[in-house]
Amino acid sequence: MSTEPAFVIVTGMSGAGRSTAAKALEDLGWFVIDNLPPGLLFAMAEEAGKVKLAADKVAAVVDVRSLAFTTDLNAAIEELEGRGVRVRVVFLEASDEELVRRFENVRRPHPLQGEGRLVDGIARERGILREVRANADLVIDTSSHNVHELRNKIVAYFGGEDRPGLRLNVVSFGFKYGLPVDADLVVDCRFLPNPHWVPELRPMNGLEPAVSDYVLGQPGAKEFLDAYEEVLQVVATGYTREGKSYATLAVGCTGGKHRSVAMAEQVAARLRDRGMEVQVSHRDVGRE
């Protein structure tokens, strides 16, 4: 592991959970500074080196209120990396509907809405952060997460930074509810027969053995898993070589209840057998 201080920059949409993520990192023993202007990131790195803060244990929360946010942040990251400091950017995301609900619940205006509507502020912020999100190492969609679930996800990603290799989040979903916005890779399981049309399986989900056995026993299921397991090994090796530490694989079917759940569990089990660190979640189970 590098002895240089490594930085995690936590940023993203206002209301998406930056404070929760920062508190979770603090609970893990990280040194976290909130609302740091991008121009001060390198000064923070220098101080971290002087006081010998633990590598991979320094984080800064940066928000959109810096007027030249994207320019300042990109320049600061380039300066840090040019001086040998590894930088990882975590971007917290949420749907417009969920952000509106959260702001309305706390009865606060969006920091960028000015005299306009709440949705205007959210739209303006998305525009400013578009490039940052595109270049982030890890994007977490918190739309369906409460504070405890987000904290657990941060702990899962950052609770053991000494472990090498790619950390993969496998999430099942239903296409009828939309793609997960934080997906790096997407698998479509709709080529398999749908257990929804089997009366005794319809009320079950893919975590139950009867559904899993049905899905995995269909023509093409094993062949697909065998082939995709090899593809993911190639992708994981490439991601690691390029410095990407985290990735999200979204496994979808029509409703996110049967096929995608069973296949997501199987993909995760196979990759764990190969020594990869994998966590699994099922976004749309119980949604219907």
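**Close-up views of a helix pair and an annotated site**

**View 1. Packing of helices α8 and α9.** In this predicted model, helix α8 (residues 221–241) packs against helix α9 (residues 259–273) at an angle of about 50 degrees, with the axes 10 Å apart; axes are lines fitted to C-alpha atoms over the stretch in contact, and angles run from 0 to 180 degrees between N-to-C directions. Helices (H or I, at least four residues) and strands (E, at least two) are DSSP runs, numbered from the N terminus. The pair is therefore oblique, a class left over once angles under 35 degrees (roughly parallel), over 145 (roughly antiparallel) and 65 to 115 (roughly perpendicular) are set aside.

View 2. From α8, the contact (heavy atoms within 4.5 Å) is made by A221, K222, F224, L225, D226, E229, L232 and Q233, and from α9 by M263, Q266, V267, R270 and L271.

**View 3. The annotated "binding site".** An unreviewed UniProt entry places this annotation on D63, V64, R65 and S66, and such annotations may be inferred rather than shown by experiment. D63 lies in the loop between β3 (58–61) and α3 (69–82), and V64 is found in that loop between β3 and α3 as well. D63 counts as buried because its relative accessibility is 7%, and V64 is buried at 4%, where buried means under 20% relative accessible area with a 1.4 Å probe and protein chains only.

**Notes.** Residues are numbered from 1 along each chain as its sequence is written. Local features need pLDDT of at least 70 and side-chain atom pairs count only at pLDDT 80 or more, while totals for chains, interfaces and linings use all residues, and side-chain values use heavy atoms, with hydrogens and water left out.

Conventions. Buried < 20%, exposed > 50% of the residue type's maximum accessible area, 1.4 Å probe, protein only.
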